[in-house]
Amino acid sequence: MMKRTRSSLVEAMRAFDSLPKPLRQAIAGAAFVYDPKETAARIARGRKPETILRGILRFERRTAR
């Protein structure tokens with residue numbers, strides 16, 4: 001397993017903090033680990049946060065069955 005450095009953890013937390021509140025709540029409660037840096041990058045490239053949120057919620061519903 002790759003060891004994370006303190007700076008990468010700080011970057012991940014800053015990326016998480018930059019996400020809209022509904023996305024932060026969905027990611028925090030998700031059964032799957034989502035990378036907040038990747039999610040923030042998707043938003044920066046033009047993906048709507050609502051679209052990402054729907055995908056997370058859809059995946060959570062499927063895994064709950």
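Start with the whole chain, shown as a cartoon. It has four helices and zero strands; helices (H or I, at least four residues) and strands (E, at least two) are DSSP runs, numbered from the N terminus. The order from the N terminus is α-α-α-α. The C-alpha trace spans about 35 × 30 × 15 Å along its principal axes.

Two notes before going on. This is a predicted model, in which local features need pLDDT of at least 70 and side-chain atom pairs count only at pLDDT 80 or more, while totals for chains, interfaces and linings use all residues. Residues are numbered from 1 along each chain as its sequence is written, and side-chain values use heavy atoms, with hydrogens and water left out.

**Stop 1: H1 against H3**

Select residues 6–18 for H1 and 36–44 for H3. Their axes come within 8 Å and cross at roughly 45°. Axes here are lines fitted to C-alpha atoms, for helices over the stretch in contact, and angles run from 0 to 180 degrees between N-to-C directions. That angle makes H1 oblique to H3. Angles under 35 degrees count as roughly parallel, over 145 as roughly antiparallel, 65 to 115 as roughly perpendicular and the rest as oblique. The crossing of H1 and H3 is left-handed, that is, the near helix is turned anticlockwise from the far one by less than a right angle.

Now show side chains. From H1, Ser8, Glu11, Ala12, Ala15, Phe16 and Ser18 meet Pro36, Lys37 and Ala40 of H3. Contact means heavy atoms within 4.5 Å. Five residues of this contact are nonpolar, two polar and two charged. Ala, Val, Leu, Ile, Met, Phe, Trp, Tyr, Cys and Pro count as nonpolar, Asp, Glu, Lys and Arg as charged, and the others, Gly among them, as polar.

**Stop 2: H2 against H4**

Which residues make the contact between H2 and H4? First look at the axes: H2 and H4 pack at about 20°, with their axes 10 Å apart. The two are therefore roughly parallel to each other. H2 passes H4 in a left-handed crossing. Pro22, Leu23, Ala26 and Ile27 of H2 make the contact with Pro49, Ile52, Leu53 and Ile56 of H4. The residues of this contact are eight nonpolar, no polar and no charged.

**Stop 3: the core**

Select Phe16, Leu19, Leu23, Ala26, Ile27, Ala30, Tyr34, Ile52 and Ile56. These nine residues make up the largest nonpolar core, a set of buried Ala, Val, Leu, Ile, Met, Phe, Trp, Tyr and Cys residues joined through side-chain atoms within 4.5 Å. H2 and H4 (49–64) each supply at least two core residues. H2 gives the most, with three.

Center on Ile27. Not counting residues up to four places away in sequence, Ile27 touches Phe16, Leu19, Tyr34, Thr39 and Ile56.

**Stop 4**

Is Thr39 buried or exposed? Thr39 lies in H3. Its relative accessible area is 6%, so Thr39 is buried. Buried means under 20% relative accessible area, exposed over 50%, partly exposed in between (1.4 Å probe, protein chains only). Leaving aside neighbours within four places in sequence, Thr39 contacts Leu19, Leu23, Ile27 and Ile52.

Now pick Ala31, in the loop between H2 (21–28) and H3. Ala31 counts as exposed, at 66% relative accessibility. Draw a distance from its C-alpha to that of Ile43: 22 Å.

**Last stop: zoom out**

Buried residues make up 23% of the 65 residues in the chain.
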